[in-house]
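Please read it alongside the coordinates.

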Amino acid sequence: MPSTNDDINVLEYSHLFSNLAQGIAPPAHYVIQGKEYNMGYYLAYSIYPKWSTLVQTIYKPTSPKKKFFATQQEACRKDVERAFGVLQSSFAIVQGSSCFWQKEVLHDIMTTCIILHNMIIEDDRDLEAPIGVAREMPPIDVELTTNEDSQFQQFVARYKRVKDKEAHFNLRKCVS
């Protein structure tokens with residue numbers, strides 16, 4: 001239906017969260033105040049649900065720590081918005097409606113636009129400028145299992161961790 005694909009409805013069907021639930025998302029390991037976390041998170045506005053995988057900015061921060069957190073979170077979110085703005089201004093295909101495109105096709109289009117943008121930047125770059133040190137990605141351990149019941153139980157457990165409200169609020173307390 002028209003206008004039913006708002007941010008919240010699209011969120012429920014996002015491959016980002018299904019990849020987390022399926023255990024095929026890129027690894028992310030970090031420790032906050034002694035508690036270990038192993039799922040990535042995304043920056044979001046306050047209208048989004050309270051999931052462990054969504055970090056929302058602090059509305060009207062009062063303490064210096066909360067102000068610093070809110071400033072850094074907003075800066076990162078603006079960087080992402082700016083990056084998509086650059087892609088939209090460079091490639092008209094990114095500006096159009098995408099509701100009739102298949103998810104795989106949209107993925108290929110965005111990946112292609114990002115690669116083309118990086119090629120343009122590299123071509124325009126100062127060849128005399130020093131090159132940064134390349135970082136090596138850690139190897140990803142993949143465990144194959146044939147027990148479908150076990151796979152399903154693991155999927156359900158990961159899915160619950162994606163939407164864990166308690167973990168969301170525990171992470172927010174770390175900023176307090």
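D79 is partly exposed, with 46% relative accessible area (buried is under 20%, exposed over 50%, partly exposed in between, with a 1.4 Å probe and protein chains only). The model is predicted: local features need pLDDT of at least 70, side-chain atom pairs count only at pLDDT 80 or more, and totals for chains, interfaces and linings use all residues. Residues are numbered from 1 along each chain as its sequence is written, and side-chain values use heavy atoms, leaving out hydrogens and water.

**Salt bridges**
- The structure holds three salt bridges (a side-chain nitrogen of Lys or Arg within 4 Å of a carboxyl oxygen of Asp or Glu).
- D79 pairs with R82, with the closest N and O atoms 2.9 Å apart; R82 counts as exposed at 51% relative accessibility.
- E74, R77 and E81 are linked in a salt-bridge network.
- The closest N and O atoms are 2.6 Å apart between E74 and R77, and 2.6 Å apart between R77 and E81.
- R77 is buried at 11% relative accessibility, whereas E74 at 22% and E81 at 40% are partly exposed.

**Helix packing**
- The axes of helix 2 (residues 15–22) and helix 5 (residues 148–162) come within 7 Å and cross at roughly 130 degrees (axes are lines fitted to C-alpha atoms over the stretch in contact, and angles run from 0 to 180 degrees between N-to-C directions; helices are DSSP runs of H or I, at least four residues, numbered from the N terminus).
- Helix 2 and helix 5 are therefore oblique to each other (angles under 35 degrees count as roughly parallel, over 145 as roughly antiparallel, 65 to 115 as roughly perpendicular and the rest as oblique).

How values were computed:
Helix = DSSP H or I, 4+ residues; strand = E, 2+ residues; numbered from the N terminus.
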